[in-house]
Each structure stands twice: as structure tokens, then as C-alpha cells.
Amino acid sequence: MKDVVEEIKELKQQKKATILAHYYQEGEIQQIADFAGDSLALAREATKVENPIIVFCGVHFMAETAKILNPSKKVLLPDLQAGCSLAESCPADKLARYQEMLRINGRKFQTITYINSTAEVKSLCDWVVTSGNAEAVVRKVPEGMEILFVPDKHLGQYLTEVTGRKMILWDGACIVHEIFSLGDLLAMKKKIPDSLVFAHPECPANIRAYSDFVGGTEAMLKKIASYNSPADIIVATEPNMMWQMQNRFPQHRYYPVPGITCACNKCPHMARNTLEKLRDCLVNESPQIVWQPCYDRAKEVLTRSLLN
Ligand code: 13P
């Protein structure tokens with residue numbers, strides 16, 4: 001019997017498909033992908049794909065973004081149920097009502113959404129940001145305007161810290177980053193002298209406060225690339241990120257921060273994609289992302305925010 005990796009490689013050729021994978025996918029998926037990256041690089045890479053099929057190994061909003069930015073392609077997602085707690089926390093109708101309430105109260109504001117949101121939410125916003133470009137975009141909002149930032153309150157709070165811009169924050173959080181155990185992190189720091197803590201800006205302030213570096217997944221890799229001697233790095237983000245770190249920079253040692261309730265702290269949504277589902281979606285050319293009416297407006301916002 002052929003092994004599943006071989007099957008995927010053959011199907012990829014046969015169907016002329018490009019596989020894009022987020023750093024939070026299992027190492028075996030990142031390894032077979034044509035391109036692995038953070039949310040920003042993946043969105044940009046999706047616009048360059050020439051093959052007729054994109055298989056997006058990530059969560060729904062990422063595949064949706066790829067479809068919006070490259071509409072003529074068939075965009076497949078190995079498991080259509082791969083969602084995102086942040087996207088769920090901000091339903092479009094609730095956001096629209098909140099914006100209306102602010103307008104009725106005479107507030108002058110622009111709305112920035114984290115890319116971890118539905119296309120319908122993006123279509124209601126002025127800007128879309130990822131961890132990779134958020135600071136630069138926040139600085140583009142005219143001083144006289146307030147900022148409504150959705151849905152990640154921790155990322156919003158972090159952006160206020162680094163840019164000095166106050167924001168109206170939505171009450172959303174990522175289930176993975178929200179529950180890192182501070183007690184365990186402090187115990188690890190004590191146990192591993194000279195260790196460096198890397199935290200994603202989706203982490204709450206208590207974790208960020210004890211971190212040596214705060215940045216998105218690509219920024220973490222860039223920072224690690226700058227180290228000359230082997231380091232001990234404690235990582236507060238989805239643990240599959242460590243596969244990419246280990247793969248690119250094997251000279252360092254990496255340690256995951258456990259969650260309060262779950263020792264591994266893996267994203268259950270990202271974990272829905274498996275090699276078998278990746279193979280099956282190539283065979284069936286399904287499930288795929290189907291164009292929705294709100295994608296037209298979301299495309300304008302995404303293009304202005306991520307591609308310019
Ligand atoms: P980045 O890879 O852009 O840092 O984002 C991580 C993330 O939140 C994925 O859902």
C-alpha cells in the first residue's frame with residue numbers, strides 16, 4: 001500500500017495543486033507544504049499561486065482569505081470545521097450593532113479587525129491586521145479617530161502598549177494563548193537559567209510581562225535567527241510552532257509552556273487537519289471555500305491592509 005505522503009505528492013502533481021500551511025499545523029503537514037508561513041505571508045503567498053488549486057492547511061478564516069485574494073482558484077480546506085475561537089467571539093451582526101451604537105453617540109472611529117475573524121466581519125471594518133503588520137496599520141489611523149479593535153482584546157492591549165494608541169476593545173481571546181499557566185512559566189524560568197521567553201501577542205498581559213520577546217510567529221523566527229550561540233527558548237504559542245523553530249534552528253533548545261488545564265495546549269481547530277484529510281480533499285476537490293456576497297467588500301479591505 002502506498003503511504004499517504006506519497007499519495008499526496010502524486011495528487012499534488014496530477015491536480016496541479018499548491019499546498020499552503022500555517023506554522024501551527026503538525027510538522028508532517030508543514031513538511032509536505034509548498035509554503036509554510038504566518039498569517040501575513042500566507043495571505044500574500046496565496047495571491048501568487050498560479051496552480052488552479054490551493055489546499056490551505058490552516059483554519060477557515062485563512063482559507064477564506066486565500067479565496068478572497070485569489071478568487072479564480074479553487075481553495076480547499078481539509079476540514080471545513082477548522083474554526084477559530086477569536087472569529088467565533090465576534091459575530092458580524094453584533095459588531096454592526098455595536099458600531100451603530102458608537103455612531104449614534106457621535107463617536108468618530110475606525111474599526112480594525114484581526115485577521116482571525118470572518119469575512120463578514122472584515123467587510124464591516126476599515127482595516128485587517130495580522131500580528132505581522134498590526135503596529136504599522138495602527139499608526140496609519142489618523143490621530144483624531146478612535147480605534148475599535150476586534151476581536152482579540154490581548155492583541156489590542158499589546159498594540160496600545162507599543163503604539164500608545166488607546167482602543168475600544170472587543171471582549172475576545174484565543175483559547176490557546178489565553179490559558180498558558182503563569183505558575184508553570186515562572187517555574188520553568190527558574191529551572192532553566194538564562195532561558196528566554198518568547199510569547200505571541202495573543203497572550204494575556206501577565207504572560208507578556210515575563211517575556212523577553214513578544215511577536216507573531218514570523219517575528220519569533222526572525223529573532224531566533226539573530227542568535228549566534230545556542231539558547232534555551234521557552235515558547236508561549238501553539239506548540240507546533242516549535243517544529244518550525246527546531247527545523248530551521250536546531251542549535252537551540254525549545255520548551256513549550258503548558259496550559260492551565262491542558263498540558264499540551266494545542267489548538268483543537270488546527271489539529272482537525274490531518275494528512276489523511278489533506279489527501280482526501282485533493283482526491284475529492286472538496287471541501288472548498290465558496291464565494292459569498294460579503295467577499296467583494298472584504299477583498300477591498302484585505303487588499304488595502306495586507307497587500308499595499
Ligand atoms: P501569526 O502566525 O500571524 O503570528 O498568527 C497566529 C495565529 O493567530 C493563527 O491563528
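Which residues does Pro78 touch, not counting residues up to four places away in sequence? I started my notebook with that one. My list for Pro78 reads Cys57, Asn273, Lys277, Leu278 and Cys281. A reminder to myself: this is a predicted model.

**Entry 1: Pro78**

I looked up where Pro78 sits, and found it in the loop between strand E4 (74–76) and helix H5 (85–88). Buried or exposed? Pro78 has 25 C-beta neighbours inside 10 Å, so I put it down as buried; the cut-off for that is 20 or more. I also checked how far Pro78 is from Val214: they are 136 residues apart in sequence, and their C-alpha atoms are 31 Å apart in space.

**Entry 2: the whole chain**

Next I stepped back. I counted 15 helices and twelve strands in the protein chain. The radius of gyration is 19 Å, close to the 19 Å that the globule rule gives for 308 residues, so the chain is as compact as a globular protein of that length. I noted the span of the C-alpha trace along its principal axes as about 65 × 55 × 35 Å. Of the 308 residues, 46% count as buried. I then looked at contacts with a separation of 6 or more: residues 24 or more positions apart account for 65% of them.

Helix H1 covers residues 4–15, which is twelve residues. From first C-alpha to last I get 16 Å, close to the 16 Å expected at 1.5 Å a residue. What is the phi of Lys16? It is near 55 degrees, a positive value in a residue other than glycine. I flagged that because most residues other than glycine have a negative phi. Lys16 counts as exposed because it has 10 C-beta neighbours inside 10 Å.

**Entry 3: Asp194**

I found another positive phi at Asp194, about 65 degrees, and this residue is not a glycine either. Asp194 is in the loop between helix H10 (182–191) and E9. With 7 other C-beta atoms within 10 Å, Asp194 is exposed.

**Entry 4: two cis bonds**

I went through the peptide bonds next, keeping in mind that most peptide bonds are trans. The bond from Val150 to Pro151 is cis, with omega near -15 degrees. Pro151 lies in the loop between E7 and helix H9 (153–163). Ser286 and Pro287 are also joined by a cis peptide bond, with omega about 0 degrees. I located Pro287 in the loop between helix H14 (275–284) and H15.

**Entry 5: a sheet with E7 in it**

In what order do the four strands of this open sheet stand? I wrote down E6-E5-E7-E8, with parallel pairing. Strand E6 (127–129) and strand E8 (168–169) are at the edges with a single partner strand each, so one side of each has no neighbour in the sheet. Strand E7 (residues 146–150) is joined to E8 by two bridges, and Leu148 stands opposite Ile168 in E8.

**Entry 6: a sheet with E9 in it**

I found an open sheet of four strands in the order E10-E9-E11-E12, with parallel pairing. Strand E9 (residues 196–199) pairs with strand E11 (residues 232–236) over four bridges, and Val197 is opposite Ile234 in E11. E9 also pairs with strand E10 (residues 213–214), over two bridges. There, Phe198 has Phe213 as its bridge partner.

**Entry 7: the last helix I checked**

Helix H15 (residues 295–307) has these buried residues: Tyr295, Ala298, Val301, Leu302, Ser305 and Leu306. What do they pack against? My list has helix H3 (39–48), helix H4 (60–69), helix H7 (119–122), E6 and helix H8 (134–138). I noted that the C-alpha atoms of Arg297 and Cys125 are separated by 9.4 Å, although the two are 172 residues apart along the chain.

**Entry 8: around the ligand**

Which residues are around the ligand? I listed Tyr23, Tyr24, Asp38, Ser39, Leu40, Asn116, Thr130, Ser131, Gly132, Glu202, Gly216 and Thr217. Sorted by class, the shell has three nonpolar, seven polar and two charged residues.

Definitions and conventions:
Residues are numbered from 1 along each chain as its sequence is written. This is a predicted model: local features need pLDDT of at least 70, side-chain atom pairs count only at pLDDT 80 or more; totals for chains, interfaces and linings use all residues. The radius of gyration is taken over C-alpha atoms; the globule rule is 2.2 Å times the number of residues to the power 0.38. A residue is buried if 20 or more other C-beta atoms lie within 10 Å of its own, exposed if 12 or fewer, and partly exposed in between; C-beta atoms are placed from the backbone. Two residues are in contact if their C-beta atoms, placed from the backbone, lie within 7 Å. The expected span of a helix is 1.5 Å times one less than its number of residues. Two strands pair if DSSP finds at least two bridges between them. A residue is near a molecule or strand if its C-beta atom, placed from the backbone, lies within 6 Å of it. Ala, Val, Leu, Ile, Met, Phe, Trp, Tyr, Cys and Pro count as nonpolar, Asp, Glu, Lys and Arg as charged, and the others, Gly among them, as polar.
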